[in-house]
Amino acid sequence: MSEGKGPMAIATTTMTDEQRKSVAIEYLKAFDNGGTTSNGGSILDLFASDAQVYFPKWGLAAGKEEIA
């Protein structure tokens, strides 16, 4: 992944292990940076519109709006 070099690519195909690792690392860096990715975008840009995340305290969040 090229940090700070333009917008992130959005793919509709299955990701490779290396791509998943790259997104996970970018997520953790953005989380540590107050929700801002390395290219200045929102941490929510890393999620698909139909993403689901389980938060132990609140349960399942579906979609970017609930994740936010």
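Helices (H or I, at least four residues) and strands (E, at least two) are DSSP runs, numbered from the N terminus. This is a predicted model, in which local features need pLDDT of at least 70, side-chain atom pairs count only at pLDDT 80 or more, and totals for chains, interfaces and linings use all residues. Residues are numbered from 1 along each chain as its sequence is written, and side-chain values use heavy atoms, with hydrogens and water left out.

**Exercise 1. Describe the protein as a whole.**

Step 1. The secondary structure consists of two helices and two strands.

Step 2. Of the 68 residues in the protein, 22% are buried. Buried means under 20% relative accessible area, exposed over 50%, and partly exposed in between (1.4 Å probe, protein chains only).

Step 3. Among contacts with a separation of 6 or more, 20% join residues 24 or more positions apart. A contact means heavy atoms within 4.5 Å.

**Exercise 2. Work out which way helix α1 faces.**

Step 1. Check the length: α1 has 16 residues and spans 23 Å from its first C-alpha to its last, close to the 22 Å expected at 1.5 Å a residue. The expected span is 1.5 Å times one less than the number of residues.

Step 2. List the buried residues of α1: S22, E26 and A30. Seen down the helix axis, they fall within an arc of 65°, so they line one face of α1. The arc is that of the directions from the helix axis to the C-beta atoms.

Step 3. Turn to the face away from the buried side, where the exposed residues D17, L28, F31 and D32 are found.

Step 4. Look past the end of the helix: G34 follows α1 and has a positive phi, near 70°.

**Exercise 3. Find the salt bridge and place its partners.**

Step 1. The structure holds one salt bridge, a term for a side-chain nitrogen of Lys or Arg within 4 Å of a carboxyl oxygen of Asp or Glu.

Step 2. The partners are R20 and D17, with 2.4 Å from N to O.

Step 3. Both partners belong to helix α1 (residues 17–32) and sit three residues apart, about one turn of the helix. An α-helix has 3.6 residues a turn, so residues three or four places apart point the same way.

Step 4. D17 is exposed because its relative accessibility is 58%, whereas R20, at 41%, counts as partly exposed.

**Exercise 4. Identify the largest nonpolar core and follow one member.**

Step 1. A nonpolar core is a set of buried Ala, Val, Leu, Ile, Met, Phe, Trp, Tyr and Cys residues joined through side-chain atoms within 4.5 Å. The largest one has five residues: F47, A51, V53, A61 and I67.

Step 2. Take V53 and set aside its neighbours within four places in sequence; its contacts are then F47, G59, L60, A61 and I67.
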